Amino acid sequence: MTGVVLYVVLAAFGVVTGGAAGLLGVGGGTLMVPFLTLAVGLTQHEAEATSLLVVLPTAIVASVVLRRRGVGDLGAGLRIGLLGAAGGVLGALLALALPGEVLRIVFACFLGLVAVRLIRDSLLAR
Amino acid sequence: MRPVAVRPSRLLALEPRLVGIGLAGGVLSGLLGVGGGIVMVPLLVYWAGQSQRDAHATSLAAIIPISCASVLTYGIAGEIHPWEALALAAGSIAGARIGAGALTRISERPLKLVFGIFLAAVSVLMLVRS
């Protein structure tokens, strides 16, 4: 993909990732990073950096919508995030220094276990 | 499990569990290139005792400062592709309004199911790519 087509496809994919992000409470990096590496051809680190720049306005817009509708506690979330920002700097520096393969496998297995529990909790009536 | 109460009186007054959730979300966000929500949402639900909907809203708010810090770090490293980011963000901002609107209407159990399926898909995708 090159030129205008690339940017139209990116914007269309952005609508999908933004919609998923707003509903799922995530930034959308998980969807964008594979797309940017596999379809656009960025390196892993370039894709992670670029996706983080998209996550920021996405999370702001979603938070404004939720605040207006009275869902959640914006102040508490921001404070959690301020503390998390310190961890974010550490994690980003680690990502530049480490080959993340082993970590990603461990993390993927952890996510799988959480997924099973969530689906089970959703399907079992209380 | 008892829900964690947040005292708004002090700027950084948070329950220890919420501090831990923020730190864990931040480190994994920077390390794995995700917004941190994938880590924080399950912890907010199963450790801090929030409802699924509130956990998603809290997570989105927490992602704002976390991604600020990570963007600065990556920006200094010079690895951001600004035009690709701009195109994605143009779509993503429109999508975020739709998605957040849907979050305010969906009920607890289908939301849990959708998030569980999303996590399962992410898990499989990560393992296949490794």
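Of the 130 residues of chain B, 53% count as buried, where buried means 20 or more other C-beta atoms within 10 Å of a residue's own, exposed means 12 or fewer, partly exposed lies in between, and C-beta atoms are placed from the backbone. This is a predicted model, in which local features need pLDDT of at least 70 and side-chain atom pairs count only at pLDDT 80 or more, while totals for chains, interfaces and linings use all residues. Residues are numbered from 1 along each chain as its sequence is written, and chains are lettered from A and ligands numbered from 1 in the order in which they are written.

Let us stay with chain B for a moment. It has 5 helices and 0 strands, giving the pattern α-α-α-α-α along the sequence. Helices (H or I, at least four residues) and strands (E, at least two) are DSSP runs, numbered from the N terminus. Among contacts in chain B between residues at least 6 apart in sequence, 51% join residues at least 24 apart; a contact here means two C-beta atoms, placed from the backbone, within 7 Å.

Gly20(B) sits in helix H1 of chain B and counts as partly exposed, with 16 C-beta neighbours inside 10 Å. From Gly20(B) to Leu43(B) is 23 residues in sequence and 9.4 Å in space, C-alpha to C-alpha.

Now for the meeting of the two chains. The contact takes 91 residues from chain A and 86 residues from chain B. On the chain A side, H1, helix H2 (29-38), helix H3 (44-68), helix H4 (74-97) and helix H5 (101-123) each supply at least two residues, and H4(A) gives the most, with 23 residues. That side of chain A divides into 57 nonpolar, 26 polar and 8 charged residues; Ala, Val, Leu, Ile, Met, Phe, Trp, Tyr, Cys and Pro count as nonpolar, Asp, Glu, Lys and Arg as charged, and the others, Gly among them, as polar.

One helix pair spans the chains: H1 (residues 3-24) of chain A packs with H4 (residues 82-105) of chain B at an angle of about 30 degrees, their axes 5 Å apart. That makes H1(A) roughly parallel to H4(B), a term for angles under 35 degrees. The residues of this contact divide into 21 nonpolar, 9 polar and 1 charged.

Finally, the core. Of the 76 residues in the largest nonpolar core, Ala62(A), Leu66(A), Leu44(B), Leu88(B) and Leu119(B) touch the most other members; such a core is a set of buried Ala, Val, Leu, Ile, Met, Phe, Trp, Tyr and Cys residues joined through C-beta atoms within 7 Å. H3(A) contributes the largest share, 12 residues. Leaving aside neighbours within four places in sequence, Leu88(B) is in contact with Leu10(A), Phe13(A), Gly14(A), Met32(A) and Val54(A).

Technical notes: Axes are lines fitted to C-alpha atoms, for helices over the stretch in contact, and angles run from 0 to 180 degrees between N-to-C directions. Angles under 35 degrees count as roughly parallel, over 145 as roughly antiparallel, 65 to 115 as roughly perpendicular and the rest as oblique.
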